[in-house]
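Biologist: Thanks for sitting down with me. Could you walk me through this model, one question at a time?

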Amino acid sequence: MFPSFGYALVFCLMIFTGFSRSWPDNSKRSLAKTTQPQEKQSFVVNNNCALGQNERQTLSLIKEKVDKIAANIKNEAACSTGWVQHGKSCYIVIDIPTAEWSAARRNCLKFGGDLAKITSKDENQFVYNLIGNQAYTTSLGVWLGLHRKADTKFYWTDGTLLAGYNNWDAGEPNNPSTEKCAHLYGKSNSRKEKWNDCLCKIAGNGVAPVILCQKVLK
């Protein structure tokens with residue numbers, strides 16, 4: 001039988017080992033920056049156990065330190081590979097012309113995001129620059145996360161009413177009974193950077209907006 005101290009030491013090592021294995025390994029940048037803190041944290045935890053302090057105090061210290069590290073990882077602002085960060089959001093362009101607004105949104109939802117919500121001039125400029133840097137975009141640019149509801153007003157996909165900043169082209173929006181979705185014009189259009197309302201399913205010569213997804217960092 002192990003003495004009570006032995007149980008505490010073994011339990012301490014099990015807790016720390018289990019936590020270490022859960023450390024994300026998909027970011028070389030994050031790992032490089034946190035190598036030293038991990039080494040320091042490992043020394044402190046094992047040292048606390050080896051000092052032979054009261055079991056309850058020792059395990060409480062370990063829990064406090066582990067919880068702190070876990071919170072730092074959870075709150076770290078980082079976008080997954082392929083996404084570009086701006087402010088508190090990550091963005092990704094799927095440069096495939098998509099005729100239906102609803103289909104574009106479904107694709108964003110599969111990626112864990114939604115069609116982009118633009119609430120400032122700075123964000124609008126960022127989005128325009130982002131799609132302009134793509135190898136292929138159409139003159140119709142990208143779909144926006146705007147759609148009309150029964151009251152004919154535009155709402156973002158998160159349910160908030162379009163209010164405050166907007167960048168509608170002159171005379172837009174119009175035709176409320178038919179044009180119920182919106183897009184941002186691309187760089188090859190004379191109305192570049194501007195918003196336009198349109199049919200939610202574009203028919204014709206195959207020119208359609210591509211997909212821009214946004215994911216808000218937690």
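Modeller: Gladly, and one definition comes first: buried means under 20% relative accessible area, exposed over 50%, and partly exposed in between, with a 1.4 Å probe and protein chains only. This is a predicted model, where local features need pLDDT of at least 70, side-chain atom pairs count only at pLDDT 80 or more, and totals for chains, interfaces and linings use all residues. Residues are numbered from 1 along each chain as its sequence is written, and side-chain values use heavy atoms, with hydrogens and water left out.

Biologist: Is Asn 107 buried, partly exposed or exposed?
Modeller: Asn 107 sits in helix H4 (residues 101-110); helices (H or I, at least four residues) and strands (E, at least two) are DSSP runs, numbered from the N terminus. Leaving aside residues up to four places away in sequence, Asn 107 touches Ile 94 and Ile 211, a contact being heavy atoms within 4.5 Å. Its relative accessible area is 28%, so Asn 107 is partly exposed.

Biologist: What is the mean pLDDT of the chain?
Modeller: pLDDT is the predictor's confidence in each residue, from 0 to 100. Of the chain's residues, 65% reach 70 or more, and the mean pLDDT is 76. Over residues 1-51 the pLDDT is below 50, and beyond near neighbours in sequence this stretch has 47 contacts in the model.

Biologist: Which residue of S8 is the bridge partner of Leu 115?
Modeller: S3 and S8 run antiparallel and are joined by 2 bridges. In S8, the partner of Leu 115 is Cys 213.

Biologist: How far apart are the end C-alpha atoms of helix H5?
Modeller: The expected span of a helix is 1.5 Å times one less than its number of residues. H5 covers residues 121-132, so its 12 residues should span 16 Å. The model agrees, with the end C-alpha atoms apart by 16 Å.

Biologist: What is the angle between the planes of Trp 156 and Trp 195?
Modeller: Rings of Phe, Tyr and Trp (its six-membered ring) pair if their centres lie within 6.5 Å; planes under 30 degrees apart count as stacked, over 60 as edge-to-face and the rest as tilted. By this rule there are 6 aromatic pairs. Trp 156 and Trp 195 form an edge-to-face pair, 6.0 Å centre to centre, with the planes at 85°.

Biologist: Is Ala 135 buried or exposed?
Modeller: Ala 135 is in the loop between H5 and S4. With a relative accessibility of 82%, Ala 135 counts as exposed.

Technical notes
Pairing = 2+ DSSP bridges.
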